[in-house]
Structure formats: C-alpha cells, structure tokens
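Please read them with the structure open.

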Amino acid sequence: MNRLLITASVLLLSSISWADEEIPPYLKAIPENTDKFEEIDIVEVSKLVDFEITLGETVMAVDGQQFDGFRFTAPPESDQLDLIWYFNVATNWSNWYLTPVEDTSKNSFKNWLNVIRLYDKFDQVQEPDRVRALQSLEKGYFVPGEEYVMWFRQRGEAEDNSLRGRIGFGQLPEDENWDFDNYEEQLALTPQPAAAQVEELGSRGGEIILDQTFFKPSEAEGIIDQLFFAIEMTSRYRGGYFVTVESTSCLVSHPNFAEIRAKYGDPDFTVSSAESVAKHNHNPYPHREDPREPEVDDAHTITYFYDYFGFVVDADDPEGALIDIRAQASNYAKLRQSTEGKSFGAVGMQNLMAFYDHGTEVGRIYYFNEGSKMPMIIQEPPVGRYQLGLDFLEYLGDGQWRVTSETSGDKLAHDISFRDHRRNGDATWYYENGQPRGIGQYEDGVLHGAFKIYNENGELTETRRYEKGKHIQDSDQTESGGD
C-alpha cells in the first residue's frame, strides 16, 4: 500500500478559557450541585471504565440552561498520566467540558478528534444526530483524591439522551501526539466490521469493494481501512487550508469496470490523468512565479469516482480491468446535488466545481470563486442559473457571472458580479429587511477601493479601504461624493 501526502497544514481547536473574563454562573454553581451529576468509579489508572448515562434525568439548572454529565474522583497516580476517553452523545448535548469541583475556573481540554469509524459496544449504524469524539488531557492536570465534573450543556431536545463511552488514563512518548491509532490501542476500542462502516458512510464505492463478485473479503477490508486512514488524516481549518492523504492499493483482484458499471450504475465523477496533470501544471496565481516542476501524463489513466473511492483503468481500455483503487477523503457523490433543473456542486479539497442540467454534467471549473486564483476551465457551462440550496450561480456568458444567495425567507443575502470568471465589479450584502449591509467593489477576485458598511436603517456607519485585497484604512465617518 502506498500513501501519498497531498497537502499539509495544522488544525488547532481552541478551548474554553475563563482567564480574562468572569467565571460563568453555571461554573460557580457546580460545587453546590455535584449530586446532580452521576458518579462513576475510576479506581485505578490501569483500568478502563465504560459508562452509559441518560442525560437530562437529573439536571443542574442555571439561568434557564440545563447541565448534566458525570463526576469522578481522580485515582492515585492520575497526576502522572494523560486522561483519555471516547464518547458518543446526542448532538443537542454536544457542548461539553471538564471542571474541577474545587476550582471551576481551571481550564482543561484544548482539542479533540471527530470520529467517523464505528466502535463495538458504543455505536450503532446510521444513528441520527450524534457526536462521537476522542479526547485527551495532558498529565499534570489531576490531583489524586479530588473530584471532577464532566458536564454537558443541553442545547435542544433529543430523542436519545444517552451518553456512552470509555474513559481511562494512558501515556505517550514525549515526542508523540495522540492520534486515532494511539487512542484505539490504549482505550482498547474495537472497530466494527467493514460492512457496518460502509453502511454508516452510505458509500456506494464501499458496497462495490465489499462485493465478493469483484474483490476478496480480506482485500476489501484493507481498502476500506485505507479510506478511514485517509479521512482520519484529513483536517480542515479556517482559511481553506487542510491536511490530507490519499491511499492507493496493490490489487489482487482486477475486475472489469464494465461489469462494475453494469451492476452499480454510472460513477459520480470521472477524471483522466491528463486532466490531473493539467491541473497540476496550472498556476492559479498568475502574478506569482510557479516553483513547481511541470508534469507530463505518464499514467495515461481514467479514474471513475464512486464517492470516496476512485477506480482506475487504462485510458486505452476505459471499460477494462482495474489497475488500482484510490481511497481519499473527498466525497464526489456530493457533486451531483440534484437531478432536477440546473444545479452545481463542489469538492473543496480538489478546488473543483461541477455544473449539472437534470443530473447530467454540463460544466467543470477548477479554482472558481476562490479569491484571486485564476480559474481553470475544463468545460464552460451553458448560459443559465445553477442552484445549490439557497446559493445561485448565474452564468451570463463570456466569463460573466452573477453570484447570489438568498435567506430562508427568499430575500437576497448577497449579490456579486464576475468578469473573466472571477469576482470583478459590484458586490452587495443585505440585511433580512432588504437594507444593504455592505457595498464594495472587486478587482481580479479581491476587494479593491471603498467598502461601505451600513446599519439596518440604511445609515452608513463605516468605510474601509482596500488596495488589491489588502485592508489599508478605516473611517467611522460618512462620506459625500464618489470613491
């Protein structure tokens, strides 16, 4: 199995902090309400503890908010190890934190990992509206013998108020961080079978791979594991940056793609290696020198994507035997949002946007609506208005677009003009009452000139000035005359 690192960056998740503000009333209330939180016994750091609690049966109510969870006493030697735990909880109870009873202002968790793999004992297939997470707290936090509360804040009604999971203590070498493998090993978590994982994802590609008509069971399990490796190694954060990997398989079975298509239907998306090379060689920043070495199409392949899986064949035999299977974190099934009317979809980590007319692809653009980036047009869509939810991309022809979004009340939320397939010209954002929230101009994809901000009464409150996307000046005074 070969794993190719595509892009690298770092995802940091911020913690709650009370250092610079008054301690919230609900934290102050915890010492007098510890009996509202069910007690679980963590007797030894060497033993894992499973728990299942029904939230909402006994709650701490403060200022109209309800809190529930569990409490425990830190066992001996807990100050020398990291706390680690896995939990599965209703989305409407998914605001949580750990608090010492004696000092409720003390900060605890800083990050967590969102889990997509199902684990035996704690998870069910297609369980709606749940949050599942792995989390750790570095050693030195706990004082043996002192009491702690793991609280959850209720944010709405839930059909299933169960909180399920496993908690314990562990330790990593100094130069390592907690990752999925470490958590699963030290918490002794057992992933559910591949068929359950595929059903949870709703993956048509996974169903193909599990079909013993085409692949051996042991081979299929390995390919499914590669998908979870790719997803677990993928993080996204503000600014559009991400880290991800793509896995390829050393296939034992080589079924013909024609047989797969006949049984499972057309793929969600098709990409040739020539297109991938063209994308690599395209410089989306024309004003910058491209440091990359150009590529040539040595592979000469076609990849048929069924959601997360790419089935690779020789371009000279497009219905023939599979050469490879690529597992990656982008779900291409999301591109085809509707089979009715004109629609569009996007795969963010591929910088890809596709346009459809009654489910048939009619346009494909890379780097579209990505600031100053120069789009790469694979197929220019026909003139028309394409929809994704409440967002609309209206193509007027000759590289001109009108990009709008509406509120749930069918009112305009923003209206942006495009030329040369990039933001150029007028742009306006609106309040729900129809008054402009902000008015500005774009040039080559970025703000340029005066950007005026208004209140809901239509009064100008601030003017910001931009120079080729760079914020250079603010003014809180209204202006007369032109820009």
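1. Leaving aside residues up to four places away in sequence, Phe228 touches Ile116, Arg117, Gln197 and Leu201, where contact means heavy atoms within 4.5 Å. Phe228 is found in helix α5 (residues 217–232), helices being DSSP runs of H or I of at least four residues and strands runs of E of at least two, numbered from the N terminus. Phe228 is buried, with a relative accessible area of 1% (buried is under 20%, with a 1.4 Å probe and protein chains only).

2. This is a predicted model, in which local features need pLDDT of at least 70 and side-chain atom pairs count only at pLDDT 80 or more, while totals for chains, interfaces and linings use all residues. Residues are numbered from 1 along each chain as its sequence is written, and side-chain values use heavy atoms, with hydrogens and water left out.

3. Helix α3 (residues 194–201) and α5 pack at an angle of about 45°, with their axes 10 Å apart (axes are lines fitted to C-alpha atoms over the stretch in contact, and angles run from 0 to 180 degrees between N-to-C directions). The contact is made by Ala194, Gln197, Val198 and Leu201 of α3 together with Glu221, Ile224, Leu227 and Phe228 of α5.

4. Elsewhere, in helix α7 (residues 273–281), Ser273, Glu275, Val277 and Lys279 are buried, and what covers the buried residues of α7 includes the strands β14 (269–272), β15 (301–306), β20 (360–366) and β21 (376–379).

5. Phe228 and Gln337 are 109 residues apart in sequence and 24 Å apart in space, C-alpha to C-alpha.

Note on methods. Buried < 20%, exposed > 50% of the residue type's maximum accessible area, 1.4 Å probe, protein only.
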